[in-house]
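Thanks for asking me to look this over with you. Keep the viewer open and follow along as you read.

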Amino acid sequence: MIIKSEEKSPEGGQANRDSVTIDIESKSPAKVKAANDNGQAVIDTQSISPRPVTLPGLMAAEIPPRNFIVDPIIKQKDMVEVVAAAGVGKTTFLTSLVAAIATGKQAFGRWTVSEPKSFLIIDGEMTAEELRRKMSVALEQYGIAANEVHNIAYLSRDYGNIGFSDLSSPEARKQILRQAKDFDIVAIDNLSCLINQGSENEAESFRPVRNLLLDLKSDGKTSICLHHTGKNGDKPRGTSTREDSMDTVIRLRKSDLHSATDGASFLLDFYKTRSFFGDAGRELHFHCLLYTSDAADDSLRVDLGGRRI
């Protein structure tokens, strides 16, 4: 038996018909108060409460395993943050990572991708021309033309999606959750451009976006967010509440070999991890060359693809 709940408006006027639907046969703790004018049962929503599960119940539950998307650093439903100072290579790193995951190729010649996954990329600052150019070059690493890849999609602020310019708005959150249903991974580039309310230093300003990311996780989605570090380049900028909820925080720092003529060159380390440690978490050196070259032979150095992107 499925019945609908209704609540009176604050002024005591007409009841709101857009309310919760409860399945009584699921033994919900909600209580039936009365019937409305249409004969529908009305639920006392204040009586709905969490239902604890015992440890034996949790141990016996059939919980699907969270498989690796990128072994050993990213699993299904992970919330990942990539932080770096401006100009170090956050978007270059993300674009190369997306190209590898979307095509099922080895990421950066080092990390195994289990199978191709689909991406929804929410971009707040790049022009559509730059988005197209960067992804085309990243996919060329694997000998794949961009127009042959159908599992990458964009919500681009530059390409007509002005409504997504503030992730902290309730409407944007609702729209993104709906759009994300068809994708495995949601990437956000970047938080500074796409949160327009409050101060970065205040926990409250990130709360709506944190809830969005947690809702995506509940829906089985993985999220990857780009953010800036502070002036010293060591710590993520703004409130530490943002990193509290993340499963993995990847930090990129400019290396001594960085040159504007050679493209991106940065050190990668893991500022925070939950599910891996040891050799998997060691610092790596990534280098993106301007012209085609052989992959670097140093075990701590990885060529991002031989072309500046």
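Here are my notes, point by point.

1. Ground rules. This is a predicted model, in which local features need pLDDT of at least 70 and side-chain atom pairs count only at pLDDT 80 or more, while totals for chains, interfaces and linings use all residues. Residues are numbered from 1 along each chain as its sequence is written, and side-chain values use heavy atoms, with hydrogens and water left out.

2. A sheet to begin with. Three strands make up an open, antiparallel sheet, in the order E6-E5-E8. Helices (H or I, at least four residues) and strands (E, at least two) are DSSP runs, numbered from the N terminus, and two strands pair if DSSP finds at least two bridges between them. At the edges are E6 (74–75) and E8 (112–113), each pairing on one side only. Strand E5 (residues 68–71) is joined to E6 by two bridges in the antiparallel sense. If you look along that pairing, you will find Val-70 opposite Ile-74 of E6.

3. A helix on the sheet. Helix H2 (residues 90–103) packs there and touches E5, E6 and E8, its direction making about 120° with that of E5. Contact here means heavy atoms within 4.5 Å. The axes are lines fitted to C-alpha atoms, for helices over the stretch in contact, and angles run from 0 to 180 degrees between N-to-C directions.

4. An aromatic cluster. Which residues form it? They are Phe-93, Phe-108 and Trp-111. Rings of Phe, Tyr and Trp (its six-membered ring) pair if their centres lie within 6.5 Å; planes under 30 degrees apart are stacked, over 60 edge-to-face, and the rest tilted. The structure holds two aromatic pairs. Phe-93 and Phe-108 are stacked, at 5.1 Å centre to centre with 20° between the planes. Phe-93 belongs to helix H2 and Phe-108 to the loop between H2 and E8, so this pair ties together parts 15 residues apart in sequence.

5. Buried or exposed? Buried means under 20% relative accessible area, exposed over 50%, and partly exposed in between (1.4 Å probe, protein chains only). Phe-93 is buried because its value is 1%. Phe-108 is buried at 5%, and Trp-111 is buried at 5%.

6. Salt bridges. How many does a search of the whole structure find? There are eight, each one a side-chain nitrogen of Lys or Arg within 4 Å of a carboxyl oxygen of Asp or Glu. One of them joins Arg-173 to Asp-215, with the closest N and O atoms 2.5 Å apart. That pair links helix H4 (residues 170–179) with helix H6 (residues 203–218), 42 residues apart. Arg-173 is partly exposed at 28%, as is Asp-215 at 25%.

7. Salt bridges link Lys-217, Asp-247 and Arg-274. Asp-247 bonds to Lys-217 with closest N and O atoms 2.9 Å apart. Asp-247 sits in the loop between helix H7 (241–244) and strand E13 (248–254) and Lys-217 in helix H6, so parts 30 residues apart in sequence are tied together. For Asp-247 and Arg-274 the closest N and O atoms are 3.0 Å apart. Asp-247 is buried at 8%, whereas Arg-274 is partly exposed at 48%.
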